[in-house]
Structure formats: structure tokens, C-alpha cells
Amino acid sequence: MPKNANTATKFADDRAKLVADLKLLIEDAKVLTSDAGEATTEKAEELRDQLQDVMAKLKTEGEQVKEKAVDTKNDIEKYIKKNPWQSVGIAVLAGVVIDRIMRD
């Protein structure tokens, strides 16, 4: 067989093998994509559930912090109304301390 015929036959064989490998690769990619899609959906649902749990906890804790802040604000307002001059003195003292700290 001449060298060119041998090269052509080898080229045809390589091409056929390459096409077969590409088809196999495409099938594997389809399977992997399908599996990944299912895994991603399951993982997404799991993450969504975890996120909902965290959001519920944050909402509950946020409401508790808000209630404490409102209670503290109300207590401070009551104290200021009962002791207006002491409140003014505390405010002046705090202002002086802050002024000294800022100058240094």
C-alpha cells in the first residue's frame, strides 16, 4: 500500500474514533448535567430551608432586641422626667468628658 493511502486510512480511522469519543463525551455530559441539575435542586432546597430557619431566628431575635430597646428608651424617658436636673448634669458631664477625649 502506498504511503498516502496508508495515511488516509489512518486519518479516517482516527476521525471515526474521534467522532465516537465525542459522541460518548456528549452522552456523559448529558448524564452529568442531569445529575448535577438534580443535585443542585436538592441542595438549593436544603439551602433554602436553612435560610428560612435563619431568617425566622433573626426575625425573632430582632423583635426581642426591638422590644428591649423600646423598654430601655421608655425607662430613660421616665428617669429624665423624674430627675430633669440630674439628667442635665449627666449630659453636661458626658459632653465635657467627650470634649477632653477628642482634644487629646
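Predicted model: local features only at pLDDT ≥ 70, side-chain atom pairs only at ≥ 80, totals over all residues.
E77 has a relative accessibility of 37%, so it counts as partly exposed. K73 comes in at 43%, so it gets the partly exposed label too.

Why might such a pair form? Side chains of opposite charge can pair when their charged atoms come close.

How many salt bridges does the count come to? The count is two. The other partners are R103 and D99, whose closest N and O atoms are 3.3 Å apart. This pair lies in helix α2, and again the spacing is four residues, about one turn of the helix. R103 is exposed, because its relative accessible area of 63% is over the 50% cut-off. D99, at 33%, is partly exposed.

Here are the two pairs side by side:

| Salt bridge | N to O distance | Helix |
|---|---|---|
| R103 and D99 | 3.3 Å | α2 |

Now zoom out to the whole chain. You'll find two helices and zero strands in it. Helix α1 covers residues 3–82, while helix α2 covers residues 84–103. The protein chain has 104 residues, and buried ones make up 1% of them. Its accessible surface comes to about 9,800 Å², and 63% of that belongs to carbon and sulfur atoms.

So what about the inside? Is S87 buried or exposed? S87 has a relative accessible area of 15%, which is under the 20% cut-off, so it counts as buried. You can find S87 in helix α2. If you skip its neighbours within four places in sequence, S87 is in contact with Y79 and I80.

Back on the surface, there are a couple of patches to look for. Which residues form the nonpolar patch? They are L93, V97, I98, I101 and M102, and together they have about 550 Å² of accessible area. Take I101 as an example from this group: it lies in helix α2. With a relative accessible area of 57%, I101 is over the 50% cut-off and therefore exposed.

The other patch has a negative charge, and it gathers E42, E45, E46, D49 and D53 on the surface. One of its members, D53, belongs to helix α1. D53 has a relative accessible area of 49%, so it lands in the partly exposed class, because that value falls between the 20% and 50% cut-offs.

Terms used
Residues numbered from 1 in each chain as written. Heavy atoms only, no water. Buried < 20%, exposed > 50% of the residue type's maximum accessible area, 1.4 Å probe, protein only. Contact = heavy atoms within 4.5 Å. Areas by Shrake-Rupley, 256 points an atom, 1.4 Å probe, with all protein chains shown as cover. Patch = residues over 30% accessible without salt bridge, like charges linked within 9 Å, V, L, I, M, F, W, Y side chains within 5 Å. Salt bridge = Lys/Arg side-chain N within 4 Å of Asp/Glu carboxyl O. Lys, Arg positive; Asp, Glu negative; His and termini not counted. Charge placed at Lys NZ, Arg CZ, Asp CG, Glu CD.
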